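Me: I'd like to learn how to read a model like this one feature at a time. Can we walk through it together?

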Amino acid sequence: MPELTVFIDYSCPYVYRAAEWLHTLSSNGAGLPPVRWRFFSLAQVNHRVRDGWQVWDAPTTNPAWQEEDYARGLRYFWAATA
């Protein structure tokens, strides 16, 4: 059976709803294929300046990481990977 790939960003409020919906479908015997969850940074896609910057290049230690838009979801990705 083919795999269903779902791209997620933990800072997006719709991710939980999608996970809940997929769980409900699979619980009802809908016969869903296996789900593969992949990271997708909305901050990267919506970054104002397209200068080659990548969200993964954000500094690992930054005292002001909460104030900077680009780093919002990065720590969620690190936690999920760990």
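Reply: Just after α1, Gly29 takes a positive phi of about 75 degrees. Before going on, note that this is a predicted model, where local features need pLDDT of at least 70, side-chain atom pairs count only at pLDDT 80 or more, and totals for chains, interfaces and linings use all residues. Residues are numbered from 1 along each chain as its sequence is written, and side-chain values use heavy atoms, with hydrogens and water left out.

Me: What pattern does the protein chain follow along the sequence?

Reply: Helices (H or I, at least four residues) and strands (E, at least two) are DSSP runs, numbered from the N terminus. Here the protein chain has three helices and two strands, in the order β-α-β-α-α.

Me: How far does helix α1 reach from its first C-alpha to its last?

Reply: The expected span of a helix is 1.5 Å times one less than its number of residues. Helix α1 covers residues 14-27, which is 14 residues, and reaches 20 Å, close to the 20 Å expected.

Me: Is Ser41 buried or exposed?

Reply: Buried means under 20% relative accessible area, exposed over 50%, and partly exposed in between (1.4 Å probe, protein chains only). Ser41 counts as buried because its relative accessibility is 8%. Ser41 sits in the loop between β2 (35-39) and α2 (42-45). Across the protein chain, 21% of the 82 residues count as buried.

Me: Which residues is Ser41 in contact with, leaving aside neighbours within four places in sequence?

Reply: Contact means heavy atoms within 4.5 Å. For Ser41, the partners are Asp9, Val55 and Phe77.

Me: And what does Leu4 touch, not counting residues up to four places away?

Reply: Leu4, in strand β1, touches Leu22, Pro33, Pro34, Val35 and Arg36. Leu4 counts as partly exposed because its relative accessibility is 30%. As for the protein chain, 56% of contacts between residues at least 6 apart in sequence join residues at least 24 apart.

Me: Which residues form a nonpolar patch on the surface?

Reply: Like charges are joined within 9 Å, nonpolar side chains (Val, Leu, Ile, Met, Phe, Trp, Tyr) within 5 Å. Here Phe7, Phe40, Leu42 and Val45 form one, with about 330 Å² of accessible area together. Those areas come from the Shrake-Rupley method with a 1.4 Å probe, and for residues only the protein chains shown count as cover. Phe7 belongs to strand β1 (residues 4-8).

Key: Patches are made of residues with over 30% relative accessible area and no salt bridge: like charges are joined within 9 Å, nonpolar side chains (Val, Leu, Ile, Met, Phe, Trp, Tyr) within 5 Å. A salt bridge is a side-chain nitrogen of Lys or Arg within 4 Å of a carboxyl oxygen of Asp or Glu.
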